[in-house]
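These are my notebook entries on a structure that I went through from the single chain to the way its copies meet.

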Number of protein chains: 2
Amino acid sequence: MRDFSADHRWLSINTATVRRQRGQDWPLLQILDACAARGIRAVSPWRDQVAAAGLAATARTLRAHGLELSGYCRGGLFTYSDDAGRQAARDDNRRALDEACELGAPCLVLVVGGLPGALAGAPAHKDIAAARAQVAEGIARLLADAHERAMPLAIEPLHPMYAADRACINTLEQALDLCDALDPARSGALGVALDVYHCWWDPKLAAMIERAGRERLLAYHVCDWRLPTRDLLEDRGMPGDGVIDLPRIRALVEAQGYAGYAEVEIFSSRDWWQRDGGETLDTCIERHRRCV
Amino acid sequence: MRDFSADHRWLSINTATVRRQRGQDWPLLQILDACAARGIRAVSPWRDQVAAAGLAATARTLRAHGLELSGYCRGGLFTYSDDAGRQAARDDNRRALDEACELGAPCLVLVVGGLPGALAGAPAHKDIAAARAQVAEGIARLLADAHERAMPLAIEPLHPMYAADRACINTLEQALDLCDALDPARSGALGVALDVYHCWWDPKLAAMIERAGRERLLAYHVCDWRLPTRDLLEDRGMPGDGVIDLPRIRALVEAQGYAGYAEVEIFSSRDWWQRDGGETLDTCIERHRRCV
């Protein structure tokens with residue numbers, strides 16, 4: 001396993017980690033400046049932040065700083081309740097692919113969607129199997145567009161507590177079953193984004209990381225599971241502040257040949273979003289060296 | 001599948017559903033009276049409520065009303081950080097078995113415990129595999145005591161969001177693997193308590209219910225998954241108020257020959273615990289007939 005203690009060359013910052021500090025949006029270009037100033041080599045930006053900063057300006061700033069991407073957040077939301085919804089999802093995912101290409105992302109991360117309408121508070125039905133079938137269909141279609149652009153798709157299984165409203169792919173096994181169905185040749189075009197927050201509890205985690213192998217492990221996200229967890233969405237912990245055995249999981253991932261970034265992705269409305277953004281970034285660096 | 005619409009003969013009330021109404025503990029014997037007055041035929045009481053009412057008085061009141069049990073809540077909490085903790089857990093679980101026998105329970109429900117110390121806020125370590133090994137050892141030992149008393153043990157897999165602090169058995173598959181390891185003959189002495197709240201999201205749910213079969217399905221619990229869920233522990237929904245396809249899951253369970261109670265278990269500090277207990281019970285009856 002790589003030694004992270006001496007530097008932070010394999011740290012990436014998911015820009016949601018510092019998206020809104022003390023009630024103010026921190027503009028993406030300023031986040032990129034702050035990362036570069038600290039010797040951080042990679043980021044993973046969110047589409048809404050890129051849209052606010054401008055795609056071309058974001059690409060220019062990334063190049064000027066020599067910043068790499070560890071992923072692009074995010075495509076997906078494949079579930080729909082009518083044909084217009086299906087078409088809108090398809091069009092939006094193609095735009096996400098184009099943006100990922102423009103920014104030089106190594107993959108487009110997919111958060112696949114839950115029951116249609118649920119995220120807005122009005123689920124159209126309760127048939128999660130039907131939602132999962134729409135996700136499979138949506139990824140199959142998007143895969144053709146992704147192939148054309150040589151942009152890998154990384155399915156991110158989300159924690160089961162998000163099954164209803166955010167993503168009905170909830171285990172690594174389920175994501176890998178879908179990968180094997182749609183890309184049996186393990187071409188590199190389809191894989192997973194493994195986030196410890198979503199998967200740390202899984203009794204089959206080690207077996208499924210091994211099954212994924214190098215070809216399917218496209219991104220690795222870290223944070224921590226706080227005790228208590230006070231909010232289902234926005235109470236993720238800084239690495240080291242929770243119960244996840246981060247070195248053990250990274251060892252499993254690296255044993256498969258993964259040699260990319262460890263991307264810190266923290267949604268924390270009560271704690272890390274209440275600090276100065278620079279302090280949050282400095283803490284990410286320190287914890288990357290000591291806890292990841 | 002049984003038709004529940006005409007009566008509530010297969011409704012059981014988990015007494016935590018009405019444990020504390022409007023800031024006041026509702027004493028167990030009064031809960032039993034209120035259930036019996038409504039023609040409810042079964043309950044599943046919690047040990048702390050039984051202790052407060054007295055074991056003998058509880059048994060007498062159950063008999064006087066002709067109330068059955070659909071389970072007894074709860075044994076488990078097998079994980080420990082020292083020998084004294086292990087012995088204390090063992091002794092306490094034997095007492096739980098004796099109480100279950102005294103009350104005529106059909107099974108002792110097991111919530112197996114998470115990382116040792118985590119429920120009190122101070123996890124002794126982060127090694128969930130070690131915790132799971134302690135659980136397997138604890139259930140193996142308790143099974144001998146349970147055999148002597150002819151009291152079946154029902155492992156309840158809890159939602160993965162409770163993996164750290166409440167139970168490190170988190171899927172039906174994981175629970176069934178343990179059942180098969182400890183009771184390969186499917187003797188009826190070891191099975192699962194299937195609670196829709198914990199398992200509804202599982203992509204392998206149908207397959208694992210089939211694998212469980214009649215011998216392993218010892219209890220069936222219902223409530224609903226609210227959108228949004230505002231608290232990890234105490235925001236369960238009344239059947240019909242969430243996104244779980246309850247009739248579909250009951251059909252799967254009954255297809256295996258399950259013909260027992262549908263036990264309503266709701267922890268709801270913001271809503272159903274804020275009402276008059278009689279209103280909450282009446283709503284359980286109405287939803288049992290219409291939504292379960």
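Predicted model: local features only at pLDDT ≥ 70, side-chain atom pairs only at ≥ 80, totals over all residues.

Residues are numbered from 1 along each chain as its sequence is written, and chains are lettered from A and ligands numbered from 1 in the order in which they are written.

I then counted 10 helices and 11 strands in chain A, taking helices (H or I, at least four residues) and strands (E, at least two) as DSSP runs numbered from the N terminus. The radius of gyration of chain A is 18 Å, close to the 19 Å of the globule rule for 292 residues, so chain A is as compact as a globular protein of that length; the radius is taken over C-alpha atoms, and the rule is 2.2 Å times the number of residues to the power 0.38. Along the principal axes, the C-alpha atoms of chain A fill a box of roughly 45 × 40 × 40 Å.

For chain A the assignment, which is automatic or from a database, gives domain 1 (1–46 + 223–292) and domain 2 (71–216). Their C-alpha centres lie 22 Å apart, and the contact between them takes 18 residues from domain 1 and 15 residues from domain 2, two residues being in contact if their C-beta atoms, placed from the backbone, lie within 7 Å. On the domain 1 side, helix H9 (residues 246–255) of chain A gives the most, with 4 residues.

In chain A I traced an open sheet of 9 strands in the order S5-S4-S1-S11-S10-S9-S8-S7-S6, with parallel pairing; two strands pair if DSSP finds at least two bridges between them. Strand S5 (68–69) and strand S6 (72–76) of chain A stand at the edges with a single partner strand each, so one side of each is left without a neighbour in the sheet. Strand S1 (residues 11–14) and strand S11 (residues 262–264) of chain A pair in the parallel sense over 3 bridges, and Ile13(A) has Val264(A) as its bridge partner in S11(A).

I turned to chain B for strand S10 (residues 217–222), where 6 of the 6 residues are buried, so the strand is largely enclosed by the rest of the structure. S10(B) runs parallel to strand S9 (residues 190–195) of chain B, joined by 4 bridges, with Ala193(B) opposite Ala219(B). S10(B) also runs parallel to strand S11 (residues 262–264) of chain B, joined by 2 bridges, and Val222(B) has Val264(B) as its bridge partner there.

How many residues of chain A are in contact with chain B? I found 25 residues of chain A in contact with 25 residues of chain B. Chain A can be laid on chain B by a turn of 180 degrees and a shift of 0.0 Å along the axis, with an RMSD of 0.0 Å, the copies being superposed by least squares on the C-alpha atoms of residues with pLDDT of at least 70 in both. The two copies are thus related as by a two-fold rotation axis. Of the interface residues of chain A, 100% are also interface residues in chain B, so the copies meet through the same surface.

Definitions and conventions
Buried ≥ 20, exposed ≤ 12 C-beta atoms within 10 Å, placed from the backbone.
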